Amino acid sequence: MSALVNVIVMLGMLVIVPAGLRLTEQRELDRIRRLWPLFAVPGAVALWLPRGVTATALACVYALGTVLLALHAPRRAARGRDLDPAGIALLTALVAPAVAATALVAERSGHELFGFDLGILALTVPHFHFAGFAAALIAGLVCRVADGPAGRFAALSVPIGTLLVLAGYFIGDWAELVGAVVLTAGMWTVGLLTWRMGHEEGRDRTTRLLLLTSAAVLVATMLLALSWALGEATGLPHPSLTWMAATHGLGNALGFALCSLLAWRRIRTDDPVRTEGRTGALSDIEGRTA
């Protein structure tokens, strides 16, 4: 399982985060996006080394990059930016990799942070790259397109669900189950809106396939997440962590996150005028006119 989890985390570090930052079209994030490989490559190497000083030092390099990214969130909030549902989803995405990196540093050093065993810490790393960063970012993008009750619900419930799952780590299995229910509802709403996008007229075949794949995968992967959380809380039979990594984890990484980001990149590239008009471009008017 550790090798599979490492591959999933590498995908998050090296591909998902920089690709997602590009899709935000926020000029103030351009510098950290360009510098991202300097932080992500050491972090990826740390995954494959034995626990110890070297692995911890490399993980700390990655953590530094995630902290620099996370610092954009309070600055933007203090200036009154990103306080709508889509913006809150974006702020959540900016902070999520730092949570993942904190778990990575602790796990690579062999330290059971807050009493969590090393296995749970190792799984927290991919969770906050995908359920944290990718899911929140994509929920925000979808909300800009579908600026209605469903879009706003998705944009808010994904970050809220992610935070509730994190809180459940400390409170208990039932609290984590509540977070899983909220997160699942949000992700299924993202999937529904993405499915509708895939059936819009004018979509090319590849973009349509990517959108429909990401939407369909969410149905299965989030059902697995819900069944696991329910089993943990009630003692009912549920998938093992190894099975969850091979199904829920891999499915969310490749089927949802990667397909979604590729689809959005194609949408932005193929029809930037239409996309900007419908989404608000996720960039600041001040940045464009400065």
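Let's start at Val190, which, if you skip its neighbours within four places in sequence, is in contact with Ile138, Ala139, Val142, Ala154, Val158, Leu218 and Phe256 (contact means heavy atoms within 4.5 Å). This is a predicted model, where local features need pLDDT of at least 70, side-chain atom pairs count only at pLDDT 80 or more, and totals for chains, interfaces and linings use all residues. Residues are numbered from 1 along each chain as its sequence is written, and side-chain values use heavy atoms, with hydrogens and water left out.

Val190 belongs to the largest nonpolar core, a set of 75 residues in which Val190 and Phe133 touch the most other members. Such a core takes in buried Ala, Val, Leu, Ile, Met, Phe, Trp, Tyr and Cys residues joined through side-chain atoms within 4.5 Å; buried means under 20% relative accessible area with a 1.4 Å probe, protein chains only. Helix H6 (residues 118-145) supplies the largest share of this core, 17 residues.

Now step back to the whole fold. The protein has 12 helices and zero strands, counted as DSSP runs numbered from the N terminus (H or I, at least four residues, for helices; E, at least two, for strands). Its radius of gyration, taken over C-alpha atoms, is 18 Å, close to the 19 Å from the globule rule for 290 residues, so the protein is as compact as a globular protein of that length. That rule is 2.2 Å times the number of residues to the power 0.38. The C-alpha trace spans about 50 × 45 × 35 Å along its principal axes, and buried residues make up 53% of the 290.

Note on methods. Buried < 20%, exposed > 50% of the residue type's maximum accessible area, 1.4 Å probe, protein only.
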